[in-house]
Amino acid sequence: MNFNLTKEQEMVRTVMRQFAENEVKPIAAEIDETGRFPVENVKKLARYNMLGIPFPVEYGGAGGDDLAYVIAVEELSKVCATTGVIVSAHTSLACWPIYKYGTEEQKQKYLVPLAKGEKLGAFGLTEPNAGTDAAGQQTTAVFDGDNYILNGTKIFITNGGQADVYIVFAMTDKSKGNKGISAFIVEKDFPGFSIGKIEDKMGIRGSATAELIFRDCVVPKENLLGEEGKGFKIAMSTLDGGRIGIAAQALGIAEGAFEETVKYVKERQQFGRPLAKFQGLQWMIADMATEIEAAKMLVYRAAMNKASGLPYSKEAAMAKLFAANTAMSVTTKCVQLHGGYGYTKDYPVERMMRDAKITEIYEGTSQVQQMVIAANILK
Amino acid sequence: MNIIVCIKQVPDTNEVKIDPVKGTLIREGVPSIINPDDRNALEEALRIKDQFEDVKVTVVSMGPPQAQVALVEAIAMGADEAYLLSDRAVAGSDTLATSTALTATIKYIGDFDIIFCGRQAIDGDTAQVGPQIAEHLGIPQITYVENLKIEGNKVIARRSLEDGYFVIESEMPVLLTAIKELNEPRYPSIKGIYEGFKGDKIKVVSAKDVNADMDNIGLDGSPTNVLRSFTPPVKVKNLEMIEGTPKEKATKLIARLKQENII
Amino acid sequence: MAVIVNEEKCIGCGACVDRCPFDAIEMINGKAVIGEACRICGACIKVCPVEAIYKEEEKKKGVNIDDYKGVWVFAEQREGNLLNIALELLGEGRKIADALGVELSAVLLGNKVDNLADKLIKYGADKVIYAEHELLGVYTTDAYAKVICELINERKPEILLIGATNIGRDLGPRISARIHTGLTADCTKLDVDLENRRLMQTRPAFGGNLMATIITPNHRPQMATVRPGVMEKAEYDESRKGIVDKFVPELTESDIKAKVVETVKGGKAEVKLEEAKIIVSGGRGLGNKEGFKLIEELAKKLGAVVGASRATVDAGWIDHAHQVGQTGKTVRPDLYIACGISGAIQHLAGMKESKCIVAINKDKDAPIFQVADYGIVGDLYEIIPEIIKALDSGDELLEVASAEE
């Protein structure tokens, strides 16, 4: 296993770090405070091809690789987890399934503008009664000869309301269970499609999390993604990749909080010496650094597997499970090390702790990751 | 229009620290970057390219083979082509010898309307190479440019002074040096990074390739010599820490300063 | 390669490896090997305990240096006013000329500035070479370089000092390239090696992390730009006499390719940091742009000028004109109050010569305390308002404080 990044990946990291520091970090606290979707970040990300990193240039992408994409999400999430998930959901959950399963026409029509960042993408799978049990889809799609007519509701959709293009899952044949699910590419302006409730969240507050409502929504038949009945497979394989993005986000959150904390413990004096001089606290620092490094190895490993065409379902699940755990445990300790100040908005670690929690929940809870890992081992 | 931008790869001097025990520079982990002022020069060239048709931006640099990465970055920002003059023969060049070598490279590249340089590099802070190239090429120079307009065959530049500015007009070809105030440089694009590393837009040339005047480059062709270098001694001071509540600290400080007739 | 290791003598102690500022030396098989990163600074030569490292003799072409005599300083004027740097150069030039036993000349270019010529004599010039022309009223690279280069070729000075102002740094390199001589930028110290009449030009490099002494052995004049605010000004002496050599140079409009079409004064905050007696500087510790309001308030109370660290300027909290340090101004006021400035080496480079330094910082290990005379560890937002209050009723408080001792 090669632990060295390529020259390209190294430069991507440098550029992403500068971009994150100069463009994203200054507004991160305000985005969290107001819960405002950071449109300006999306525009800037688009300008530098940061919304289509792993896709070929001919499809509007940057011609980069999966690890470079992971590094981008990681660096963004160090300073602003909201921006991290916008990129992750767009890239992994909207662009990727079109790239993987779309027809050439669909790629030209949808992937090109998405990967260029001219349009933003989202992924609609979760329903009020189909969360972890994604196969229990209640949204229906009925074919009328020319179009599919969609009816139902999706919830907790990242980039919902802000996105132009949605990958939506619906039952085309209820009798077939999860083999009756199909995937569709839905544009925001399709008749019968509307945005419902916008969630007021604990963390990643600037990311739009919305309800999608389909009332006799008309989707042209050429917008069927993949074959009829293959929707569940598309959803699951998309989420395998999406988990790497979220794992990268979790990793970034942990690293961001850790960097702030290292700075703080050197600065902050108690009992006449910096916190960094207390051995008990040094142990916490050492443990956190080790956890982060382990998480990074798992996340990069999953991305490298994906990039080189190796199986990555288990690796992605492990990466997300561990990185999300790490994010939660590290940010909690970071708040602890900041003491009272850490509990205030004067320091960013409390935001990072709130942001970290979602990584244990979305795109498959930690328990789902455990199911995926176990299923891969026990099959 | 052809614009040639001179850039230099420099160690990020902000990251350079002194080893407090040995008194030497700690260079480990100090990243190499495109010199900040040069980035402003490149940005302005790229803005001209964005604004007008048929503008070609060529970047030129001198340095060891590793400096190619700076050229990749320039390509990733949007430059069309890049040349690196890399040759043992130019090692040890002072500013005049550097300007001689770069002038040869510029002539080798061909036609130009604007030569853009950064005002100065952060490792040397001399601000000399730009004007010296202009002199070798026999073209006018406008240094410390903080604002630029192109009108026909003319450039109109606001040239910064300590207490104001000059508005200076010149016909092209002209050499300009950029300062930070000129613009906000763009980032390299991710697509550009992958394109840049393909290497097909970057040419590495030797002093012979560009027909440089071998007598006036490198250490032997440099009028100046470094006689010696040393790390500046840090003055040992008698520090008095002032303790107490904020109010006591303030009061005691003012008292001390008054006793010493400083205020 | 100009720095050579004598392998026979090298004992492999590694002293040179540690000392090399450029990481250019490696130990291979117990011998020092100098690699491509070498900049021929010679730091290793001095540190080698067995004199195994030496500099290869230069074989350089140059000019007949004996033809060149006298010290010139460029007397920069703007709108008919001499800049302080001109007087600083006269102060330094006087010392050098006396050491060499030669004449000190001030080179003055302008239009109807005869009064300045007299002033330059009173400030120590033996001679003023005054080129008067209406095209020299406002500085242009083309006209000034032409006149000065012609003068150099005709009169052959051995040393030419120019202030490292935005104009001096435009003019100097243009002249040096035309004359083909060495130019050392931004010198902070000048000495003369009397043995060979060489000007030893010391300047900071690498963001002030390294000082280098530079010579121009075989070319003349030896040119240097000198950082404003570093050298001591010449003393004014009403009784001094000297020669004003006034002439009208040949200049036409067509000599000037880059034309000044407008001159604007101000347009940015006029901060004469270099001349301030007291400077109150703010750093990253202010936390935000608003913090400078507090700094300004304190500065106003003390009759001080506001300074800033590079970090705050980079963050856009304050204009670059306020920046103190390697890439900003070099200052040496009577009192420098550093508020929330950690004291990066670049910053120290610009202010550590201040007579008295007060540092206020919440980090007691901040390097700023190493150069400070008085240190206060604490939150500047608590301390500074107290200082402002204390200044309001200063006299009374002084008595109280003295009584405490």
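Which residue of S17(C) stands opposite Ile168(B)? The tour of this predicted model begins with that pair.

**Stop 1: a strand pairing across two chains.** Select Ile168(B) and then Val260(C), the residue that stands opposite Ile168(B) in S17(C).

**Stop 2: the contact between chains B and C.** The contact involves 89 residues of chain C and 77 residues of chain B. Colour the chain C side by residue class: 41 of its residues touching chain B are nonpolar, 22 are polar and 26 are charged.

Stop 3: Select the strands in the order S15(B)-S22(C)-S21(C)-S20(C)-S18(C)-S19(C), which make up an open sheet of six strands with parallel pairing. At its edges are strand S15 (240–241) of chain B and strand S19 (305–308) of chain C, each of which pairs on one side only. Helix H6 of chain B, residues 246–259, packs on this sheet and touches S20 (335–339), S21 and S22 of chain C. The direction of H6(B) makes about 170 degrees with that of S22(C).

Remaining within the sheet, select residues 356–361 and 374–377 of chain C, the strands S21 and S22. They run parallel and are joined by four bridges. For one residue pair here, pick Ala359(C), whose bridge partner in S22(C) is Gly375(C).

**Stop 4: a helix of chain B.** Select residues 95–109 of chain B, which form helix H3. From first C-alpha to last, this helix of 15 residues reaches 21 Å, close to the 21 Å expected at 1.5 Å a residue. How many of the residues of H3(B) are buried? The count is 12 of 15, and the helix is mostly covered. Among the buried residues are Thr95(B), Leu96(B), Leu102(B) and Ile106(B). Step just past the end of H3(B) to Gly110(B), which takes a positive phi of about 120 degrees.

**Stop 5: a buried leucine in chain C.** Finally, centre the view on Leu210(C), which lies in strand S14 (residues 210–215) of chain C. Why is Leu210(C) classed as buried? It has 24 other C-beta atoms within 10 Å, and 20 or more are required for that class.

Definitions and conventions: Residues are numbered from 1 along each chain as its sequence is written. Chains are lettered from A and ligands numbered from 1 in the order in which they are written. This is a predicted model: local features need pLDDT of at least 70, side-chain atom pairs count only at pLDDT 80 or more; totals for chains, interfaces and linings use all residues. Two residues are in contact if their C-beta atoms, placed from the backbone, lie within 7 Å. Ala, Val, Leu, Ile, Met, Phe, Trp, Tyr, Cys and Pro count as nonpolar, Asp, Glu, Lys and Arg as charged, and the others, Gly among them, as polar. Two strands pair if DSSP finds at least two bridges between them. The expected span of a helix is 1.5 Å times one less than its number of residues. Axes are lines fitted to C-alpha atoms, for helices over the stretch in contact, and angles run from 0 to 180 degrees between N-to-C directions.
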